[in-house]
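Here are my notes for someone opening this entry for the first time. Please read them with the structure in view.

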Amino acid sequence: MLYFITENYLKTNTPITANVDVTDVTPYIATQAQLRVMPILGTTFFNYMLNVYNTQTANPDEETLIKFIQPIVAWRSAEDAVFGLTYQLKNKGLQTQNGDFSSSVSQREVAFGMEHYAQKAAFFEQRLIKYLIKNKNLFPEFISHENRDTDLRPMIECHGCTGCCHGTCNYENGNGYNTQILVL
């Protein structure tokens, strides 16, 4: 099963080079899709979108959504790969790679690389969240009550005042900010 990205997408959209064996990165792809994208989409909608992606049956709106998801999975996988490719668990324990004409980096440099990629991924996560809130009505599976575990549930149930707030919604334009002022 492909988790929204292909090997080609990963290698052309992140610093993961062509000489990296994709099987060394594959475990991070599924994990990061589940850790980072599933909480945003919700389990039901995540599984629906994963099926649509793998069966290549996406409608134009779903194709657009997939384009928002792909950089998240790619950059989070690259973030995880920094650690996983630097330190590998072998039969003798945790080992570092060291070959001809290369040298291992320090733990601080590994952390720096991971944080650098994490910042890129976080940017794309925020774009996905904003897009989903603004376009929630394009995705009935997303706003469905069966999709209860999305982290965006409070925002998608209230914004737009479809009656859930009984006329007392204080959110404007789906930005998540309360416009009332509390004076003490």
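1. What share of the residues of the protein count as buried? Of its 184 residues, 40% do. The model is a predicted one. The protein exposes about 11,300 Å². Carbon and sulfur atoms supply 53% of that area.

2. Next, the layout. The secondary structure comes to seven helices and two strands. Along the sequence the pattern reads α-α-α-α-β-β-α-α-α. Take the contacts in the protein with a separation of 6 or more: residues 24 or more positions apart account for 61% of them.

3. A word on confidence. The mean pLDDT of the protein is 81, and 74% of the residues reach 70 or more. Among the elements, α3 has the highest mean pLDDT, at 97. Strand β2 (residues 93–96) has the lowest, at 60.

4. Residues 159–174 call for care. Their pLDDT stays under 50. The model has 23 contacts beyond four places in sequence for this stretch. Where pLDDT is low, predicted coordinates should not be read in detail.

5. Now helix α3. This helix has 13 residues and reaches 18 Å from its first C-alpha to its last. That is close to the 18 Å expected at 1.5 Å a residue. Just after α3, Gln56 takes a positive phi of about 55 degrees.

6. Which residues of α3 are buried? They are Phe45, Phe46, Met49, Leu50, Val52 and Tyr53. Seen down the helix axis, the buried residues of α3 fall within an arc of 160 degrees, so they line one face of the helix. An α-helix has 3.6 residues a turn, so residues three or four places apart point the same way.

7. Is Asn54 buried, partly exposed or exposed? Its relative accessible area is 28%, so Asn54 is partly exposed: buried means under 20% and exposed over 50%.

8. What does Asn54 touch, leaving aside residues up to four places away in sequence? The answer is Met1 and Leu2. A polar atom of the Asn54 side chain lies 2.8 Å from the backbone oxygen of Leu2. The side chain of Asn54 also reaches the backbone oxygen of Leu50, at 2.9 Å. Leu50 is itself one of the buried residues of α3.

9. One last distance. Asn54 and Tyr3 are 51 residues apart in sequence. In space, they are 8.1 Å apart, C-alpha to C-alpha.

Note on methods:
Residues numbered from 1 in each chain as written. Predicted model: local features only at pLDDT ≥ 70, side-chain atom pairs only at ≥ 80, totals over all residues. Heavy atoms only, no water. Buried < 20%, exposed > 50% of the residue type's maximum accessible area, 1.4 Å probe, protein only. Contact = heavy atoms within 4.5 Å. Polar contact = N/O pair within 3.5 Å; in protein donor to acceptor, adjacent residues only side chain to side chain. Helix = DSSP H or I, 4+ residues; strand = E, 2+ residues; numbered from the N terminus. Areas by Shrake-Rupley, 256 points an atom, 1.4 Å probe, with all protein chains shown as cover. pLDDT = per-residue confidence, 0-100. Expected span 1.5 Å × (residues − 1). Arc of directions from axis to C-beta.
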